[in-house]
Amino acid sequence: MKDSNFLKEHNARSMWHPMAHPADSLANPPTIVTGAQGVRITDIDGHEVVDAVGGLWNVNLGFSCAPIKAAIAAQLDRLPYYSTFRGTSNDAVIELSEELRRFFAPDGLTRAFYTSGGSDSVETALRLARQYHKIRGQGQRTKFLSLKKGYHGTHFGGASVNGNANFRTAYEPLLAGCHHIPAPYTYRNPFNEADPAKLAQLCLAALEDEIAFQGAGTIAAFIMEPVLGAGGVIPPHESFMPGVREICTRHGILLIADEVITAFGRTGSWSGSRHWGVQPDFMCTAKAITNGYFPFGAVMIAEEVAQVFEADTSGAAAIGHGYTYSGHPVGAAAALACLAETERLNVPENAAARGAQLFEGLQALAEKYDIIGDVRGGHGLMCALELVSDRAKKTPIDKKTIGTVQEVAYRAGAMVRVSGPNIIMSPPLILTADDVQIILSALDEGFAAL
Ligand SMILES: Cc1ncc(COP(=O)(O)O)c(C=O)c1O
C-alpha cells in the first residue's frame, strides 16, 4: 500500500464518491479509513472512533467477525465463482436457501432470489411483482405506490419509488406509474398531526384515496420500509404497517417490505415485518446478510406468490431477470456464516437494549440543546436527530453547522452520519453500554462546540 502522503494527496482525485458532489469531495477530502476492529474504525492518522454508522447500516456484527472471514476465505479456495443462471447451481447457495427458508418461515417467506445488493433486491421485487400479476392474467397491474421519505436504492425502478427529491430530480424522467403517499412522519406532515396513531390513520386514508384514484386494478405493489431509514429514521405507529397490509390484501396489491436495513435484527426483532406482526409478499434484503463483508442480497418470496410462479404451465413465469453475481458462492458462504453468528449472538436482544439506551441519551441531549428539533428511534439500533436553527419554526439547519457537529464528534470519539438536516446512527448490533456512552459524549461535545 502507498504511504499516507500519497494517499492524502490523491484522496478523491481520480474517483467520484457516491452521494457527494465531486468538487466538495476535493475541497473537503473524505476521511481515509484504513482499519477496523470490533465496533471501532481507525483512520489514516491512527485516530480510532466508535463507528456509530455501522459501516453503512450493514456491519451488524462488527468488523472482527472471524467465522464470516474464514467462510469467505475457504469458499474462495474451494469455488470462487460459478453462475446460477439456468442449468447450474452451487453447494453453498443451495444450503443458504434452506437456511433462509427456515429463518424467514415466521414471515411466511419460503423462496429466495439472489442479488448483489439492496438496489438490486428492490429492482427484483418490483419486476417480479409485475410478472406475478401477468401470470395471473392481470397484466394491467403495473403501477407502484410508496411513501414519501422512503429510500429504495438508486436503480431506475428504486429511484422511481424513492420518496426523496435528492435522489430523483437529477435523474428524471423516472419510471411512469409510480405514486407516493405521505409518510407517517410526526415531526413534519401535510396534516399537521403530531399524534402517531392519528397520523397513521390519516396516511392510511391517503393510501386508500390514492388507490381509488389510480384504480386498484392498475396497481402492482406497494413498497415500504418497516422503519424508514435513510429518510431520517422514521418509525411509524404500530398500527401503520398492519393497516397497509390489510388495505393491500383487500385490493389485490402486493406488499413489498424493503428490509435492506431492517432484516436480521436491527429493529430489535429478527425482521422489521415481524416487528409489526406483518407478513409481506416480498422482502428485500442485503447489507447485513453478509455483515457487509461481501456484496450480496436476497429477495425473499411468500409461499402464495411462489405457488403462482411454480404452478404456471404457460411459460409466463419464466424469469427473465437475474445478475451475473446472483447466488455467488462466496456471498452465499458469507451469508451462511453470518446468519449462524447473528442467531448465535441473538443480536435483536442487544439491539433493543442498546437502542433504548441510545434513544434515551439522545432525548437527554435534546433537553440540553435547542438545535435538536426531533429525536427519533425507540425501535432497536436506528436513531436520528433532526437539527433546526429555530425550534419553534422548525427551520432546517444549515450544512456548515451540522458538519461542525459531525466533525467535533468524530474528534471526540464517534463517527456519525449526516444526511440533510439529520444525524443518523446505525451502529453495529454488538455495541456495549460503554460504546453507547462514547457516542453520546462525542455528540455532546459536538453540540457544545457550536
Ligand atoms: C431501505 C433500503 N433499500 C435499498 C437500499 C439500497 O441498497 P444498496 O445501496 O445496497 O444498493 C438501501 C441502502 O441504504 C436501503 O436503505
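In this predicted model, Asp209, Ala212 and Phe213 are exposed on one side of helix H8. The buried residues of H8 are Leu199, Ala200, Cys203, Leu207 and Ile211. These five lie on the same side of H8 because the arc they cover around the axis is only 120 degrees. An α-helix has 3.6 residues a turn, so residues three or four places apart point the same way. Among the elements that cover the buried residues of H8 are strand E6 (178-181), strand E7 (219-224) and helix H9 (240-250).

Helix H8 itself comprises 19 residues, 196-214, and spans 27 Å from its first C-alpha to its last, close to the 27 Å expected at 1.5 Å a residue. Just after H8, Gly215 adopts a positive phi of about 95 degrees.

The sheet is open and consists of 7 strands with mixed pairing, ordered E4-E10-E9-E8-E7-E5-E6. Strand E4 (109-115) and E6 stand at the edges; each has a single partner strand, so one side of each lacks a neighbour in the sheet. From one strand to the next, the twist averages 20 degrees. Within the sheet, strand E5 (residues 143-147) pairs with E7 in the parallel sense over 4 bridges, and Lys143 stands opposite Ile219 in E7.

| Helix | Strands it lies across | Angle |
|---|---|---|
| H6 (residues 118-135) | E4, E5, E7, E8 (254-258), E9 (282-285), E10 (297-302) | about 165 degrees to E9 |
| H9 | E7, E8 | about 150 degrees to E8 |

Note on methods
Residues numbered from 1 in each chain as written. Predicted model: local features only at pLDDT ≥ 70, side-chain atom pairs only at ≥ 80, totals over all residues. Helix = DSSP H or I, 4+ residues; strand = E, 2+ residues; numbered from the N terminus. Expected span 1.5 Å × (residues − 1). Buried ≥ 20, exposed ≤ 12 C-beta atoms within 10 Å, placed from the backbone. Arc of directions from axis to C-beta. Contact = placed C-beta atoms within 7 Å. Pairing = 2+ DSSP bridges. Axes fitted to C-alpha atoms, helices over the stretch in contact; angles between N-to-C directions.
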